[in-house]
Structures are given as C-alpha cells and as structure tokens.
Amino acid sequence: MRLHLYRHRKMVRALLLFAFVLTCVIVAGQVEPVLGSTDGVTSIFRPLSQPAQEIKETSYLVLAICAVIFVIVAGLLIYAMVRFRHRAGDEASEPPQVYGSNQIELAWTVLPILIVFVLILVTSRTIADIQNRKPPPGTVQATVVGHQWWWEIRYPELGIVTANELHVPASDGTRRLPTFLKLQSADVAHSFWVPQLAGKTDLIPNRENLMWIEPTQPGTYLGNCAEYCGMQHARMLIRVIVQSPAEFERWIAEQKRAAAEEPSAQAGRQVFFANSCVNCHTIRGTSAQGAFGPDLTHLMSRETLASGAAPNTTETLRAWVRDPQKLKVGCLMPNMQLSDTEVDQIVSYLQTLK
Amino acid sequence: MATQEIALAEVRQPTTSLIDRLHSLVVTVDHKKLGLMYIGTAIGFLVVAGLMALGLRLQLAVPNNTFLEPDVFNRFFTMHGTSMVFLVGMALVSGFGNYLVPLMIGTRDMAFPRLNAFGYWMYLFGGLLLYFSYLGAPGLAGHGSAPDVGWFAYAPLTGAAFSRGHSTDYWILSLLLTSIGSTVSAINVIATAVSLRCKGMTLMRMPLLVWLMIVVNFMILLALPALSAAQIMLLIDRYLGGHFFDTQAGGSAVIWQHFFWIFGHPEVYILIIPAFACVSEIVPVFSRKPIFGYPVMVGATVMIGLISTSVWAHHMFSVGMTSVSNIFFAISTFTVAVPTGIKIFNWLGTMYGGKIRFDLPMLFCIAFLFQFLIAGLTGMMLGVAPLNWQLTDSYFVVAHFHYTLVGGFLCGMFAGFYYWYPKAVGRLLDRRLGLWHFWLFVIGFHVTFDTMHFPGLLGMPRRIFTYDAGRGWDTLNFVTSIGGLLQAVGILCFVINIIRSAKKGKLAGNDPWDAWTLEWTTSSPPAEYNFATEPVVRSRRPLWDLKHPEDPDWKYE
C-alpha cells in the first residue's frame, strides 16, 4: 500500500515563501541594532577598540564564506525538492536507482577541505596576533578580581583600588595607550566581556589570565559577567570608562587622595565604624580594612551601585544601605537592621566619600 | 532468491486490566516494549523540561521582569538543560536503538534482554531522582532545592563552599544512575549489532541506521566515563575532603571543564548521529532511491566519531589556554566539518533524481537538513576562536546549540517517530494533526531560534535571569518568547496525535511507506518474536529485492 500525495506543490511553495519572508524580516530588523550606532547597544560588529576590531574583520570573512556555502547548499536542497518532487502519474515506476559515485564524493570532500584550510589560516593568524601581543612601554596595568557578584579593580602601580567601573585611557593618533588586564577570581569562575572592546576572557580562581584592550574613543562601555557564577550572575555588570589621557590623569589624581573626613558627616562616620560595615569594606586611611566588599574610599565617584544593579543616587544608596537584599536578592551584603536615623547618617557619610 | 516471508498479523490478546498492563511493562525484557518505554518516558521529560523552558522565556520576554525569582530561574535552566540532554536526548537514542536495531538486522531480541531492562530502570530512577531534588534537596538550614549550577556545573560553583545543601549531590547521583543505564544500553546495542545479524547481512549490508547506532554507542562508552569520573571526584571533594576542584585548597577549576567537555562534546554527536540515522533511512525511502554513497556515509560517520573526541576544548576558548592550544582545537573543530559536509551532500545526492514524496517523515527530514545546515555553519563560526571569544556563553551559542539539538536532533527524531510509529502501534499518525504539529513547530522554532542569535551579537550573555531595557535586547527577546509558545502548541498537537492515533488512526499494514528494510516485512506491531522465520538477505535493501525480482540490488552492490 502506498500513501498518496496531497497538495505537495502547495506545500513546497508555502515552505519556500515562508523561509524567504522570515529571513527577510529577521535580517531587515537587525541591520540597525547590529550595525547601526544606537546608544547603549553593545554590538560586536561596532567595535571601538582593538582587539574587537580585528575580530570583526575576521568575522566578516567567515560570515562571507558561510553565506556562500549556505546559498549553494540550501539552493541545491530547494532545487532537488522542486525539481524531483513526486508528480501525478509517478506511481507507476521507480526512478533510476543510483548507488553513488566516487568522483562526486571526491569532489565534495576536496572542496570542504580547501575551505577548511583557508579558515585554519585566518583563525591561526588572528589568534596569534591577539594572544601574543606584548605590552608596549607605558601600558596601563590593571588587575580585575571577580567576586560573587561584583568586580574588584586594582591598579597596582598606581596604588588605586576601585570597583565595578574600570577607567582606562584612550589611544589617539599620536599615542598608543593599551591597557593590559590581569584577571583573577576570589571565589567562582566569572568572565569579563565588554563586546565593543574585546572578546571575553574568564576569571578563574587559583589562576591568572591576561587580556588587553586599546580603545580609541572616550565613552562608557557596558559589559556583563559572561560565565554563570551563581544567583546574581545577571546583576554583575561591568562598565569601562574610557577617558582622554588628560582626564584619565585627573581621575588618577582624585582616586589617590585620602578619604574625605568632613566634620558634618561625623555622626554617620561613627555609625559606620561602630557596625560591621568595616569587616567587609575598606576606606583607605581609616581602620576600615575589610576585603570582602568593594572599596568605598571614593564611592561617590562611581556611576552605579551593586555592580550596575542601580544608578548611584541618594534614594538608591539609602535603599541599598537599608536592605541590600531588596535591590539584589541573594547578594552577600546582609540587611544590617539599621534604624531610619542610622541609615540617613550612614548615607550622608558615604556621600562625602567623593 | 531471498526467502523472507511476510508474516501474518498476530492476533493480539486483549489485555484485561490496567494493572496487568503495567505489570507486563515492569517485568518485560522485550526490546520493543523497552524501546517504547524509553521513548514514552523521554516524551514525558520533554514536556516537563519544555514547560520549564517556557517559564524561562516568559521571564525573559520583557526587561526587568519579576515572573520568576532569580534562584527559581537558575534552577529551571539547570533542570531544563540536564533533563533535555540526559533524560530526553540519551533516552531517545537508547529507545530508537533498542526498538529498531534488532528489527532491522532480522533478529528476535537484543543480545542481553535482562541487561536491557536493567538499563531502562536505571535511567527512569535516575530521572525521578533528579526531580525528587525539588523535595529532597533542601537539607540543612533550608539551603538549596533543585540543582542550580547549570547543566555543565562548572567548578568551583559546585564545591561545598558555594553549593550548600544537597542540590548538587542530586545532580551528581541522578546522572551517575542514568549513565549506568546508558552504558549498559550501549554495550547491548553494540553486542546485538555485531553478533546477532541475520543470515547474509554482512557489516556492509547493514542498514545505515544500525551502522550509525554502533558508532554512537561506541562514543557513549568512550565519553561517559569522563563525566562519571569527574562527578565521583566532585563527590570526593564535597564529602571526603578531596581537593580536585577545590580552588581554595589548590585544586583546579579548569580540570573540571576539561573532564566535562571530554564527555560533553562527543555527547553532542551522540545526540545528533541518531538523527542522522533516522534521516539516512527516511530520505531514501521517500526519494525512492537507495542512499547515495553508502560506504562513504559509513566512513564519514566513523570519522565524525573519531574526530569528535579531539575537539572538546573548543568549549573553552575563553578560559585562557595558550595560543597553541587554541589553534589546535580550532583546527580539529574545522576538520569535523568535512565528514559532516559529506553527509549533507550525500543526502542531497539521494534526493537528486528521485521522486520525492512529501509525507510527514520527509517533511521533518527536510526541516532537519535545512536547520542542520545552518547549525553547522554557525558551528564553524564558533570554531573560529577569536570570534568564539565574542560569542561563547552568549545567546548566539544558545541559539546555535538549540539549532543542532532542536532543529537537528529533535526534528530528526520526529521524522523517525512519524516513520516508525505505524510499525510500533499498527496505526498511522493522523496527517492533519501532524501537519499542524510540523508547521507550528517549525515556524515556532525559527521565530525563536533565528531571532535568538541576535541578542548574542548584541552582547547578551546566557543564563541571566533579567536584563535592563535599552541595550537592543527587548524586542528580540519578546519575539523569541512568542516563538516558544508556538513550539509548545506544536508539541501539544504531537502529543494529542500520539494518543488519538493509537486508537483511531488508519490501520498501517506491514509496510505503509513501501520501504526496503527488514522491519517492514513483519507485522505492525511486530509479534514478540519479531520474525516467524529468520530472514535471509542478499543486499542492503531486502524488500527492494523482493518487490523487484527483475532488478535486485544484490546485482549491483
């Protein structure tokens, strides 16, 4: 018994039309975000730094090769479907039985091998180029330490410690100012990914990884932790703030200052030092020397709180100090059960840490 | 001439009660029943893990959504991934292998029927143990519930310091159980295919599906021990003071990744090759031509099996390996594209010059070919290590591997399901519901996973429970979620179809598709002994020889 065919022609046509329309819609919809210059969109095809630029160039070649292969193979598939579809009256006989052909097999073995060979050359060159780069003299060195769920950022040569916002200088036509990053982790595996600057490199405990960036345009670049690291993996955002060399020098000078000691915030200071805040946080030049949480010496110089979970405003800072678990559930900073007055006092003290 | 007989349909005893029927399932050692139990259980887990995926998609549909709590979300994606790979994928592989291999090689059962039953029960209890974690894992001080460490459970997040309670223990122990099941099932399929073939069936006359099943099951034997070993080391770390992966005491987090992917990459091929196997049986029958280049197809599969054991670290390009290692694994990754490409071309060569009938199994095969092509190409892009540094652990990778596993593996399995259901049940699946299933599922698939590539290109990492508006991800995620709903409705049609057609479907007869391999000579469903007399074959297509005595295959092979 053989099943009969039902409107196969209609089906093939519908399939083709569907594939075509869908591809057009999807591709057309993506041109602007992927290639355009919308603010805040971190497309890997809009790099503003080496090595992301070099990766983009390699990827265009790979995309082109893949597109050609796709068009040829999908074209053959569609051609075979349409040309060799079962037609009315075909029931009577079977088509010629062909078992194979060594020549044809050889052809479609050699061709992919050639393509693979090209890909191997391109890939090897790009890998070696990016990974084996040596830091030129004058390079900024920074150490990024991943924590559950924030980034500790140290500049060992400058004696600066900050968190969640990495400041680096921009290169221009006259001076090349790359930044080399040492990546470490204090607990579990994390991954540093700022798509417009470079590919990602993992931060792995008990191990040190290296990566480098060389941005050319000042601005703020968004990124995420890209290796699942526990409950608040989603709220582990990184910002890279690229500044002109002069601005970067100014930022360094500001960060090197000792923590502010304004008499007006004396009450808050006392509450801060009387509580266990000091067990986890450092404020340089004071007895607060904790290492589990972010350094607060110049807290107010940062744009965000809790690793990008909220903007750094008075309201969010107050909400954060009152109950961190509300803003970022599961984070390792506990609710200290402070009274309203104490919260206000601590917040007004923290706000002097400019 | 060949001496196959087309056996008369067995008159089946109507079973008396539900209890009797369940009892017969519990005590059975029949490869057909066990195969169907594997497949049925897998569909059950597919529905559960699919609903979890739907939950994930609802949470991600809009920015800053609060539909799921972060910890619930993390458990869902862990359970979704673990279930789909170990409880759905592996079980479908075992199920199809169990059901089809003895029938296709003309024998009466597997080599080790009791071992076969043991494997199924290990798998079932492993799966139930994994889900029991929702009740059993809270442990001390309410820490933990279901596992929440991701399906590849990177160290040291799984260590005692970061994963308190027993959730990770459930993940380890349930997978150890299902691994025992998969291992004995693999040994069984290999032993059966090697030693129980009917008269005249040389290795090079085996149906391609049997060849591919042999390769897959060798890969299972090769790959699974790496996972089991790593899991046992992790247990030692957690309970006996070991330091294999305990980075705070000098252990290595990267070693876990090596162990995991030495298992994990072959695993991807373990899942996709059975889909290749179904496609390799179905495309010829519905194109009315023998498979193009049978020996090359066998060789290419063996090559894929061999090469796939040397590509694992392409999952780890971002862990900071040296440039030499990165280049090595990039090269090995590209190499695997060659035999894979050969297979695609051979399927096209089979269709070329045929008279293609677009029945449901063939429709799913065409969807498979199209989607697997794209999956292969995005896979090649990911093999370019520098591009991988951008794309790994982003939604691009999520889209890529769902393309291989849903667009490739699952579509291939659906094709196999529509093709062999009439053999297993004796009735055809309803065509109209099947078409609804096909179109809803394929359209839903493309809406979901075509779209999902783009947030990855725009910097969206995987496994985040929410995201802020304004990074270009909002619309894309919304569209992706809608596609998920379409797929769910498609699967619903499928499940309804299975249940309805078992009672009301058109009677299939022995050979509804005018096919050529031995399983179609016997009754539908086959009697417990499969074949009344042992078949004798002289070519790869014994039924072709029988139907075309004037132009038999054995003259040409």
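I began with helix H7 (residues 314-322) of chain A, whose buried residues are Leu317(A), Trp320(A), Val321(A) and Arg322(A). I call a residue buried if 20 or more other C-beta atoms lie within 10 Å of its own, exposed if 12 or fewer, and partly exposed in between, with C-beta atoms placed from the backbone. Helices (H or I, at least four residues) and strands (E, at least two) are DSSP runs, numbered from the N terminus. I then looked up what covers the buried residues of H7(A): the cover includes strand E12 (304-305), helix H8 (324-327) and helix H9 (340-350) of chain A.

A note on the source. This is a predicted model, where local features need pLDDT of at least 70, side-chain atom pairs count only at pLDDT 80 or more, and totals for chains, interfaces and linings use all residues. Residues are numbered from 1 along each chain as its sequence is written, while chains are lettered from A and ligands numbered from 1 in the order in which they are written.

**Domains of chain A**

I looked up the division of chain A and found domain 1 (140-256) and domain 2 (263-350). The bounds come from an automatic or database domain assignment. Taken over C-alpha atoms, the centres of these two domains of chain A are 22 Å apart. Their contact takes 18 residues from domain 1 and 15 residues from domain 2. Two residues are in contact if their C-beta atoms, placed from the backbone, lie within 7 Å. On the domain 1 side, strand E3 (150-155), strand E4 (160-163), E11 and H4 of chain A each give two or more residues.

**Sheets of chain A**

I traced an open sheet of six strands in the order E1-E9-E6-E2-E3-E4 (chain A), with mixed pairing. Strand E1 (49-50) and E4 of chain A are at the edges with a single partner strand each, so one side of each has no neighbour in the sheet. Two strands pair if DSSP finds at least two bridges between them. E3(A) and E4(A) run antiparallel and are joined by four bridges. I noted one of the partners: Ile153(A) is bridged to Thr162(A) in E4(A).

The other sheet I followed is open too, with five strands in the order E5-E11-E10-E7-E8 (chain A) and mixed pairing. Its edge strands are E5 (165-169) and E8 (201-203) of chain A. Strand E7 (residues 190-193) of chain A runs antiparallel to E8(A), with three bridges between them. Phe192(A) stands opposite Thr201(A) in E8(A). Helix H4 (residues 245-256) of chain A packs on this sheet and touches E5 and strand E11 (237-243) of chain A.

**Chain A against chain B**

I looked up the contact between the chains: 87 residues of chain A touch 84 residues of chain B. H3(A) gives the largest share of the chain A side, 16 residues.

**The largest nonpolar core**

Which residues touch the most other members of the largest nonpolar core? I found Phe364(B) and Ala415(B), in a core of 274 residues. Such a core is a set of buried Ala, Val, Leu, Ile, Met, Phe, Trp, Tyr and Cys residues joined through C-beta atoms within 7 Å. Helix H7 (residues 253-287) of chain B gives the most to this core, with 23 residues. Leaving aside neighbours within four places in sequence, the contacts of Ala415(B) include Cys278(B), Ile282(B), Phe364(B) and Phe368(B).

Conventions: Axes fitted to C-alpha atoms, helices over the stretch in contact; angles between N-to-C directions.
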